[in-house]
Amino acid sequence: MKGMSSLNPQSDNQIPHLFARLLNKLQVAGDTIHTPIEIDEENAQLLFIKSVIDGNQLQNTIIKPFFELASEKRFLQYLDSLPNKIEIVDEETLLVELTRGMLLINVQQRYVLIDIKKVNTDSVQITSLEPTIYGPQGGLSESLETNINLLRQRYAEPSLAVEITTLTDRSKSVLAILYDKEVVDTEVLDTVRKRLGQLNNPLIQSTADLELYLNQEKFALFPSTLLTERPDRIVYNLAGGKVIIMLDGSPQVTMAPAVFFDFMVSMDDHYHNFWTSISTTFLRYAGLFTCTVLPALYVAIISYNPDVIRTELALTVAGSRIGVPYPSYIEVIFMLVFIELLTEASIRLPKAVSATATTVGGLILGTAVVEAALASNIMIIVVSLVAISTFVIPINEMSFSVRATRFFLLLYATLFGLAGVIIGFVGIIMYLANKESFGKPYLKFYWKNRSEEIKGGLKK
Amino acid sequence: MNRFLYYLIFINMIANIIASVPRILILEKSNGAIIAMVLGTIAGLLITYITIKFYNAFPGKNLMELLKIYTPKWFSISVLIYFAANWYIAGSITLVTFTFVLIRFLTPEMPIITIAISLLIVVSSSLLIKTKSILYMIEITIVIFSPLIIFFLMKSVFNDVFEIDFVKIALMHINELPNYSAFTASTYLYIGIVNMAVFNTFFMKRIKLGILPLLILGAGGLFVISLTYFVPIGIGGFDKIDDLIYPWISTSDSIRMKFGIIERLTFFFLLVFLAIAILSISIHWHGACRLLQSALGLEKFKWKGHDLSPIFCAILFSFVSFLLILYLSEGQLFSYTTYFFNLLPVFFGISMVVFLVIKRRAAK
């Protein structure tokens with residue numbers, strides 16, 4: 001019963017067959033409206049769901065013209081020339097379209113589908129995940145069309161390709177793939193298309209969700225696509241040849257492929273002077289290094305090799321640990337878990353309360369822990385340093401991954417001492433170097449320009 | 001030349017400092033070590049040149065593929081197994097030596113098995129990763145650690161205790177006939193080039209073989225080997241330096257960094273060279289695994305679509321190394337290492353024969 005033939009109407013009855021069938025299926029939606037409009041002998045029937053259509057548009061572009069034209073024939077001609085007319089494919093899609101805000105009109109035994117949906121999510125949001133000092137402060141909106149509009153405004157290249165498809169899950173969300181046709185890596189593009197085609201998850205609600213499924217790696221620790229909310233970052237990566245995946249209803253987009261160094265770039269780096277941006281970049285990598293290695297180093301030095309550091313420092317550390325009743329690794333794990341809890345709590349709590357959590361956790365408990373001799377003063381410094389350095393990583397996803405990584409290193413240091421820190425560190429590098437993002441190596445230096453590197457020196 | 005080739009060569013040059021090369025050279029200090037070092041460098045450069053020239057004829061093909069195409073099965077299998085054994089031993093020497101070094105200098109109370117496990121976990125996982133990833137891993141690690149290596153090498157020469165007079169005494173022995181062990185130990189510095197056998201898959205372009213690359217390699221090799229030999233002598237003195245089992249570690253322990261957070265240079269040395277050692281072992285073992293896979297046709301060895309042969313290699317290699325670590329003494333390790341170095345010319349000879357055979361058959 002799907003197919004064009006079944007759509008041919010029978011208008012002898014009061015309600016056309018198709019309308020009857022659709023109404024039957026839409027029964028559960030209480031806001032379905034089926035209404036005839038009539039003037040003299042001329043009449044037309046409208047079917048729509050009230051909550052998703054724009055009432056003003058309905059009034060201005062459909063009902064008013066009908067009464068002004070006062071002729072079925074002319075009204076049909078008028079409808080046929082509207083730019084927001086949509087092709088009717090079959091009944092199933094028709095149902096989906098109706099739920100999304102289309103209007104079905106039956107006039108002169110013909111059906112016309114008009115897009116008059118109301119979107120309440122097209123306001124541009126202020127960037128909240130990746131704030132910068134300079135550069136644009138507005139992020140994306142939750143509406144796909146507005147987002148594409150935003151990008152087109154910033155990237156006015158005719159070679160910008162937009163492919164629009166629909167997910168096959170329950171949300172039936174509209175999805176757009178954007179890329180610059182001239183610079184895009186076609187291999188990556190094909191992989192993205194292939195993986196999108198393979199998706200068979202029942203419900204995909206946001207880009208972050210989609211990103212996880214696109215990964216196709218069950219036990220991944222590091223993200224292999226980059227999630228961002230900054231239009232300037234998107235445009236920058238678009239020009240670099242990446243593929244952008246946008247999902248309707250998400251204020252973030254995801255980009256593929258992503259390499260490790262992408263996650264360490266803040267957009268501010270492009271707006272600063274040369275040396276300023278070099279030094280902030282250096283600072284960031286120092287932070288990355290500190291937050292992964294420092295807890296492990298603390299355990300290794302205190303418990304295994306206090307003779308590595310100079311004598312004065314070793315004595316200071318030992319003096320600070322007087323009264324702490326357990327070995328250093330328990331101290332570190334205890335304090336690290338504590339700081340992770342604090343971070344987690346301040347993310348989840350409502351903004352009004354989160355200040356209290358920081359004060360109670362950071363200030364009061366920090367002091368009390370030292371006074372109760374449950375952790376040394378130096379431990380508190382180490383833990384705070386670690387926490388602060390974690391926040392230096394510009395992309396939040398990466399900072400979550402790094403938080404997990406340092407526990408691995410801590411374990412290795414606890415078991416194998418100072419040598420374990422170095423061995424574990426090389427092991428992490430090995431893991432990252434072996435990881436791939438959409439067929440591209442994840443951790444690799446691009447000394448020459450990228451295209452030459454990929455084509456020339458190394459075989460793919 | 002491709003930068004990854006330089007990495008392969010330089011990693012092995014630097015890694016020799018922790019293997020037995022310095023001790024072998026120092027033992028022969030008055031038996032013609034110096035001329036042997038010069039000759040070893042020349043021989044090493046020659047081997048590098050020939051190897052690169054050979055692989056240039058077959059861009060993007062590794063030795064396993066070449067052997068399969070051009071030589072009979074019995075020949076390729078026996079060569080591959082011989083090569084795999086050499087690769088494995090080269091990696092294991094570094095592994096066992098470093099395990100002994102760690103227990104002697106860094107964590108004496110830790111059971112030797114624990115130390116071995118800590119190294120083996122990471123090293124044997126290098127067998128499981130893609131060959132190309134090994135190259136990326138080398139590059140990242142070198143970039144992170146090279147400032148530290150350069151600092152360490154600078155510090156080992158420019159310090160209060162380094163006496164140039166001892167070096168002058170050592171140089172007085174230039175007029176002796178070269179010693180065989182010292183010669184083979186010096187050629188060991190250039191062993192990195194043989195890894196082309198596995199990694200040539202990724203060198204698609206012809207590698208340029210001008211004067212400059214060879215000059216850089218020669219100068220680099222000479223620089224490293226003279227540091228290897230002269231720094232322990234300059235600091236420990238000429239007469240008694242051969243009493244030390246690990247001349248470099250004891251040497252670096254006599255240097256103090258007055259204003260550093262780490263005061264004794266030896267910890268610096270141990271930790272930085274630990275990273276280099278892991279790279280060197282990973283490269284060799286990875287090579288050994290790939291050669292063995294190809295020799296025994298282990299690619300067919302599959303379970304539910306997963307290739308199990310790297311896991312098989314990892315278990316085998318780790319198990320043998322365990323036995324080596326448990327049952328070898330430091331003295332035995334040293335003498336076996338010397339035997340291995342002394343057999344290096346045989347290895348190079350066989351390589352040359354293999355190259356010749358393949359080249360002839362390919363020309364037909």
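Q: Two strands pair if DSSP finds at least two bridges between them. In what order do the five strands of the open sheet that begins with β1 of chain A stand?

A: The model is a predicted one, in which local features need pLDDT of at least 70, side-chain atom pairs count only at pLDDT 80 or more, and totals for chains, interfaces and linings use all residues. Residues are numbered from 1 along each chain as its sequence is written, while chains are lettered from A and ligands numbered from 1 in the order in which they are written. Helices (H or I, at least four residues) and strands (E, at least two) are DSSP runs, numbered from the N terminus. In this sheet of chain A the order is β1-β2-β4-β5-β3, and the pairing is antiparallel.

Q: Which strands of this sheet stand at the edges?

A: An edge strand is to be looked for at either end of the order. Here β1 (32-39) and β3 (85-86) of chain A have a single partner strand each, so one side of each is left without a neighbour in the sheet.

Q: How many bridges join β3(A) to β5(A), and how many pair β4(A) with β5(A)?

A: Strand β3(A) is joined to β5 (residues 110-115) of chain A by two bridges, and the two strands run antiparallel. In that pairing, A:K85 has A:I114 of β5(A) as its bridge partner. Between β4(A) and β5(A) there are six bridges, again in the antiparallel sense. One partner of β5(A) to pick out there is A:D115, bridged to A:M102.

Q: Where in the hairpin of β4(A) and β5(A) is phi positive?

A: Look at the residues that link the strands. This hairpin has two residues between its strands, and A:Q108 takes a positive phi near 50°. A:Q109 has a positive phi of about 60° although it is not a glycine, and it lies in the loop between β4 and β5 of chain A.

Q: Which helix lies across β2, β3, β4 and β5 of chain A?

A: To read packing, look for contacts and then for direction. Two residues are in contact if their C-beta atoms, placed from the backbone, lie within 7 Å. Axes are lines fitted to C-alpha atoms, for helices over the stretch in contact, and angles run from 0 to 180 degrees between N-to-C directions. Helix α4 (residues 91-100) of chain A lies across β2 (42-49), β3, β4 (102-107) and β5 of chain A, and runs at about 120° to β4(A).

Q: What is the strand order of the sheet that begins with β6 of chain A?

A: That open sheet also has its five strands listed in order: β6-β7-β9-β10-β8 of chain A, with antiparallel pairing. Its edge strands are β6 (160-166) and β8 of chain A, each of which pairs on one side only. On average, neighbouring strands are turned by 25° against each other, direction ignored. Seven bridges pair β6(A) with β7 (residues 174-180) of chain A in the antiparallel sense; in β7(A), A:I177 is the bridge partner of A:E163. Helix α6(A) packs on this sheet, touching β7, β9 (243-247) and β10 (253-256) of chain A, with a direction about 25° from that of β9(A).

Q: Which peptide bond has omega near -10°?

A: The bond from A:A256 to A:P257 does, and it is cis. A:P257 is in the loop between β10 and α9 (274-304) of chain A.

Q: Why does the distance between the end C-alpha atoms of helix α2 of chain A agree with its number of residues?

A: The expected span of a helix is 1.5 Å times one less than its number of residues. Helix α2 (residues 55-69) of chain A has 15 residues, so it should span 21 Å; the end C-alpha atoms are 20 Å apart, which agrees. Just after α2(A), A:A70 takes a positive phi of about 50°.

Q: How many residues does each chain give to the contact between chain B and chain A?

A: An interface is read by counting residues on each side and then asking which elements supply them. Chain B gives 33 residues and chain A gives 27. On the chain B side, α5 (73-106), α6 (112-125), α7 (131-157) and α13 (265-296) of chain B are the elements that give two or more residues. The largest share of that side is the seven residues from α7(B).
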